[in-house]
Amino acid sequence: MVDYQPLLGQHWSYGNQDCYTIVRQYFALQGVDLPDFARPDDLDTASSVYLREALALGFEPVAFEDRRIGDIAIMRLGTAEPMHAAVFVEPWRILHHCRDRPSGVDWLNSYYVNSIAAVFRYAAGSSAG
């Protein structure tokens with residue numbers, strides 16, 4: 001298990017401390033250094049950087065039903081394309097960092113489940129979890 005407690009309560013800042021940053025920090029706690037990448041200027045018109053970069057970053061797709069702790073949910077939260085990432089920290093709880101909110105853990109309620117476009121598992125090198 002990853003002790004993600006130090007990642008909770010961080011202030012949101014797009015491109016500096018956002019949902020991908022929290023994913024990178026979660027994996028860094030396991031010794032996995034995920035590279036950073038530029039965030040799109042306009043989330044409403046850009047294609048999903050997550051779906052485009054996932055395989056290159058060492059992730060592979062898995063079915064939602066097969067998710068495990070440490071897997072990543074790529075979600076549509078108020079955008080046309082999936083532009084949000086969250087880490088499964090329990091089967092029904094996610095660690096994420098939503099716009100203008102401190103980073104935290106939320107229940108994977110129906111809103112979030114219905115927003116999931118893809119689930120990915122880190123497959124390059126050490127395993128997550």
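Trainee: How much space lies in the largest cavity?

Mentor: This is a predicted model, in which local features need pLDDT of at least 70, side-chain atom pairs count only at pLDDT 80 or more, and totals for chains, interfaces and linings use all residues. Residues are numbered from 1 along each chain as its sequence is written, and side-chain values use heavy atoms, with hydrogens and water left out. A cavity is a set of points, on a 1 Å grid over the protein atoms alone, where a 1.4 Å probe fits but cannot get out; grid points are joined across faces, edges and corners, and a volume is the space filled by probe spheres set on them. For the largest cavity that space is about 110 Å³.

Trainee: Which element gives the most to the lining of this largest cavity?

Mentor: Lining residues have an atom within 4 Å of a point, and here there are 14 of them, with Tyr-50, Leu-57, Phe-59, Ile-72 and Ile-74 nearest the centre. Helices (H or I, at least four residues) and strands (E, at least two) are DSSP runs, numbered from the N terminus. Helix 1 (19–28), helix 2 (49–53) and strand 2 (72–75) each supply at least two lining residues. With three residues, the most comes from helix 2.

Trainee: By class, how many charged residues are in that lining?

Mentor: Ala, Val, Leu, Ile, Met, Phe, Trp, Tyr, Cys and Pro count as nonpolar, Asp, Glu, Lys and Arg as charged, and the others, Gly among them, as polar. The cavity lining has 13 nonpolar residues and no polar ones. The charged count is one.

Trainee: And the largest pocket: what is its volume?

Mentor: A pocket is an open set with protein on both sides within 12 Å along at least five of seven lines. The largest pocket has 18 lining residues, and Cys-19, Leu-43, Met-83, His-84 and Arg-99 lie nearest its centre. By class, twelve are nonpolar, three polar and three charged. The volume is about 290 Å³.

Trainee: How many disulfides does a search of the whole structure find?

Mentor: A disulfide is a pair of cysteine sulfur atoms within 2.5 Å. The sulfur of Cys-19 has its closest cysteine sulfur in Cys-98, 8.0 Å away, so the two are too far apart for a bond. The number of disulfides found is zero.

Trainee: Is Cys-19 buried or exposed?

Mentor: Buried means under 20% relative accessible area, exposed over 50%, partly exposed in between (1.4 Å probe, protein chains only). Cys-19 has 7% relative accessibility. It therefore counts as buried.

Trainee: Which side chain makes a polar contact of 2.8 Å with the side chain of Gln-17?

Mentor: Gln-17 is found in the segment before helix 1 and is buried, with a relative accessible area of 13%. A polar contact is a pair of N or O atoms within 3.5 Å; within protein, one must be able to donate a hydrogen and the other to accept it, and residues adjacent in sequence count only if both atoms are side-chain atoms. The 2.8 Å partner is Gln-10.

Trainee: What separation do the C-alpha atoms of Val-87 and Asp-71 have?

Mentor: Val-87 is found in strand 3 (residues 84–90) and is buried, with a relative accessible area of 0%. Along the chain, Val-87 and Asp-71 are 16 residues apart. Their C-alpha atoms are separated by 5.8 Å.
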